[in-house]
Amino acid sequence: MNSNFRVRNFVLISVTLYLLLSFAASWVGFPWLKRVNLIANVVHTTDSSGVDIVAANGDTSAPLQIEKIASKNLELYKLPKFITNFNSDTSRPALFSFAQKLHDLKSGKKRKIRIGYFGDSMIEGDLITQMLRRLMQGEFGGNGVGFVPISSPNPGARATIIHTFSNGWEDENFKVNTTKDNLYLSGHTFRGADDWVRVKDQTVKDSNAIIEKSLLCGRADHSVEINVDGRSVTINAPDVFNRIPLVNDHATAIKVAIADESFPVYGLTFESGSGIFVDNFSFRGITGVEYNKIDSNFLKTIAANNPYDLIVFQYGVNLMFRPNDKNFNWYAKIVLPAIHKLKNAFPNADFLMTSTADRAFNYGGEYKSAVGIDTLIKVQAELAYQTGAGFYNHFETMGGHDAIVRWASATPSLANKDYVHPNARGADILAGYLFEAIMNDYKKLNKKK
Amino acid sequence: MPTFDLPAFLQEFVYDQHNPLLFNNGFFVFFFAAFIALYYAFRNNIKTRRYIFCAFSLYFFYKASGEFVALVIISAVVDFFLSNAIYRQTNKGKRTFLLILSIIFNLGMLFYFKYTNFFIAISNEMFHASFNPLNILLPVGISFYTFENLSYTIDVYRDELKPATKFSDYLLFLSFFPKLVMGPIVRAHDFLPQINEPYKITETDFAKGFFLIISGMFKKLVISDYLTLNYVNYIFDDPGRYTGLENLFAVYCYAAVIYCDFSGYSDVALGIARWLGFKIPVNFLSPYQSKNITEFWRRWHISLSSWLKDYLYIPLGGNRKGTVATYFFALLFFGGVFFSCSYLFNFSYIISASITAGLLLLFVLPAMIKKGKGGIPAGLNLLTTMLLGGFWHGASWNFIIWGALHGTALTIHKIWMLITGKAFAKINNRWWYNAIAIIITFHFVCFCWIFFKAGDLPTGMIMVKQIAFDFKGNVWSAFFNNYWPVLGMLALAAVLHAFPDTLADKVISSFTRIPLIIYILVFFAFVAIYGYFKSAEQVLPIYLQF
């Protein structure tokens, strides 16, 4: 028997039923049918988007109270590619003392300018900072990759160094700190029983450059014997934080071995005698709150022995760990002391807070910016306003809402399909915009003069 | 109160590059219903029915790829005339000339659209030139219909096929919408005779077609899409951020994804064809059940491997002799191995040379064991076939490396059989021997998938490195707690794959006639499951090390 009529019957009956169901769903609204609704594209329902977005209600804390100052305008935080200190008069540099230091360097003075770039996994692998460093050093001079931690979870991914190390390093950090050690700005402290680390700086293009390679470490009660490039070297580390120059020559690589578990070490640093340096302090999964745990005196010793001129504070993406969160007032409360602490410890540094970059979630089958992202960025801007810091908006700069979705689907792609992390290409773009904003801010200094 | 949006409604009928037509678009449901209604109404008017079919197929192609629909029509016209000219031509030289013309036309089109930018990049690298890559989009399905065109004219040239006399027959063969986008590659001698047959299907055809469509959709839309969005993309985009354990599971998941994707699409195509009275040969036969790599290639993308065998491997000389092309590609390959060892992996010349010589020895070994010269070109022909077969998948070194790995593995398997064939005769049918063989084969195939999927070679190497040197088995419980829905989906894929291929046929044939209501219920159950997983809360990536 020929069963061809059954194909017709099945298809026509099923499609009719499906269509009726879709109409019914448009009227009544079955949320799970939304993504498979046959007429979703052509029939619009008046009730919101059909996806219920419930803000996390566990948090009832009051929003940050900010003082209204007549000469200031909070709304400036919304501008893309722009550094603001919220002054309504935007003709002066927002990062004034930093701009002056840049001017010194530009006018031929020999000095070091150090930028500490604090961030989460968004800057892991020297992302953003590698391009920012290259552009800054191209403009103002300087050679060297800056700070390198003893070990890292993903050493192969960092293109600016070749990083190898032994497996025995004991690593105390923001997540696991059983000995309650002082943790460095990188969030880590290392101890080596019979361990080594080798770093080759891949950023130095000028073969005549003299690169000073230093060890950053904590206090040692007695003089310590370490091994540098095969030679035994005795060092003294009297302060809670020390910067100990090891080798000062053309070499761009150094190998250091340490066999003293009582001696806390943080990392190595590569800097030429003069110029601008960008230190990458990335730590996965954190929000910046962690810096409140670091002892103030320890921070002040860092400021004395290895001073910073600009601190960039880029967090936020890890606050959006649930798709429907809309309230971040709790964050404002706990991060405020951390910002104050860093600002107080580094009084000679300008402080630049950046917004989070875009992050998207799957809302009923479609990737969109986190529903809470506008609120979060406003909170971040208020924190900057309140603490007198500068502010820079990565989110608006990269294109605002759903930018990360566009970046991930671009050819070639600019972001990973986790809709969180811009990749190296995307990070270079972000760095380029930030550099442009810094330069625009700096140029206001010359216009004033 | 819902409102009807007329402009949006009209826009639905036009090609949208952000939303090309696939089997899972809402639009396809209406498209298919309209098509079935017309196809059935004119089932006895063969000519009208054929025109309707052509029109719907071309419209499908337009909705899937916009103006590139013109390419299908142009290549149908060219190959239709060339094949008939070859058929009528009695002069051997002129026949060969016409065939070469057809090959140049088809491969030229494929090369232009698919490989131009790849070769621009290579010449930029080799000659330090800086040609700008061209803004060329890859027309959907071009790899498939180019091969169909080639096999068609070659078959006519070989006097194995009488060309289609009606243009619409040929156009339909080429544009047949169920297989247009992702295959399978259909052969004209299978397909052309079915076009003008009466529309007749049995109860089993209806049931089997339904099963193929629903199970294919399930594999593609539920399993593959879920694993891709909630796991595979995270890891493959940036493997260095994740532990070896996570990387290993990403490879397993990708093995499931590519199988479900590809075979799912093929199954839907086969199912729809079955409902319309066409039988297309099966394209996948539970490939991960293979006990060796040779068997894998008899079960994986069968329409491609048989095409490569008939139109590449055999013309190259097959397992008997070598041709100029055999040695040309072998030279390219061994040169490439040496070159990549020394420049890509920074090995010394001596080490690079010994690796190359070792590989060369592999391809000579079968001949040495059998004490006959014939084995050498056979191995090299197979290697060439796999290299070009890899390259067919995409214009990138990854696919060439993938093909080279498979080609080498096929030769190693051949040597293994020569060495152990007699010695292991007693054990090589035991269950535990088979189990070990399946596990080894599966893992080798997975290893190759790394290079198939990874964005570039360094990314693939990072994955291998993470799995080998940064495994971190101790993160298992945190891993499981976060990704259990993903692991559940992977387990489901594994269980479905483990069923014997004949099981579905057996179950279907045990029923004589299933009431329509059951089909409808199963269909809506599928829609509900699809809807559920499409809007299910996303599994977010986490960090397992700091």
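Two residues are taken to be in contact if their C-beta atoms, placed from the backbone, lie within 7 Å. The model is predicted: local features need pLDDT of at least 70, side-chain atom pairs count only at pLDDT 80 or more, and totals for chains, interfaces and linings use all residues. Residues are numbered from 1 along each chain as its sequence is written, while chains are lettered from A and ligands numbered from 1 in the order in which they are written.

**Figure 1. Overall fold of chain B.** Among contacts in chain B between residues at least 6 apart in sequence, 73% join residues at least 24 apart. Chain B contains 21 helices and 1 strand; helices (H or I, at least four residues) and strands (E, at least two) are DSSP runs, numbered from the N terminus. The radius of gyration of chain B is 25 Å, close to the 24 Å given by the globule rule for 546 residues, so chain B is as compact as a globular protein of that length. This radius is taken over C-alpha atoms, and the rule is 2.2 Å times the number of residues to the power 0.38. Along the principal axes, the C-alpha atoms of chain B fill a box of roughly 70 × 70 × 60 Å. Of the 546 residues in chain B, 41% are buried, where a residue is buried if 20 or more other C-beta atoms lie within 10 Å of its own, exposed if 12 or fewer, and partly exposed in between.

**Figure 2. The largest nonpolar core.** A nonpolar core is a set of buried Ala, Val, Leu, Ile, Met, Phe, Trp, Tyr and Cys residues joined through C-beta atoms within 7 Å. The largest such core has 140 residues, of which B:Leu227, B:Tyr231, B:Cys253 and B:Ala256 touch the most other members. Helix α10 (residues 244–275) of chain B supplies the largest share of this core, 20 residues. Leaving aside neighbours within four places in sequence, B:Leu227 is in contact with B:Val232, B:Cys253, B:Ala256, B:Val257, B:Val486, B:Met489 and B:Leu490. Another core, of 114 residues, lies apart from it and includes A:Ile161, A:Ile339, A:Phe346 and A:Tyr419.

**Figure 3. The bend in helix α9 of chain B.** At B:Thr228, α9(B) bends by about 50 degrees; the bend at a residue is the angle between axes fitted to the seven residues ending there and the seven starting there. This helix is mostly covered, with 30 of its 35 residues buried.

**Figure 4. Surroundings of B:Gly244 and B:Lys472.** B:Gly244 is placed in helix α10 of chain B and counts as buried, with 20 C-beta neighbours inside 10 Å. Not counting residues up to four places away in sequence, B:Gly244 touches B:Gln466, B:Ile467, B:Asp470, B:Phe471 and B:Lys472. B:Lys472 belongs to the loop between α18 and α19 (476–498) of chain B. Although not a glycine, B:Lys472 has a positive phi of about 55 degrees. B:Lys472 is partly exposed, with 15 other C-beta atoms within 10 Å.

**Figure 5. The side of chain B that touches chain A.** In this interface, 48 residues of chain B are in contact with 44 residues of chain A. The elements of chain B that give two or more residues to this side are β1 (3–4), α1 (6–11), α2 (26–41), α9 (203–237), α18 (457–469) and α21 (516–534). With 9 residues, α21(B) gives the most. By class, this side of chain B has 28 nonpolar, 9 polar and 11 charged residues. Here Ala, Val, Leu, Ile, Met, Phe, Trp, Tyr, Cys and Pro count as nonpolar, Asp, Glu, Lys and Arg as charged, and the others, Gly among them, as polar.

**Figure 6. Strand pairing in chain A.** An open sheet of 6 strands in chain A has the order β2-β20-β17-β16-β3-β15, with mixed pairing. Two strands pair if DSSP finds at least two bridges between them. At the edges stand β2 (83–84) and β15 (275–282) of chain A, each with a single partner strand, so one side of each is left without a neighbour in the sheet. β3(A) pairs with strand β16 (residues 310–314) of chain A in the parallel sense over 5 bridges, and A:Leu310 in β16(A) is the bridge partner of A:Ile115.

**Figure 7. Backbone details in two loops of chain A.** A cis peptide bond, with omega about -10 degrees, joins A:Thr411 and A:Pro412. A:Pro412 is found in the loop between α8 (403–409) and α9 (424–448) of chain A. A:Ile128 has a positive phi of about 70 degrees although it is not a glycine, and its place is in the loop between β3 (112–119) and α3 (129–140) of chain A.
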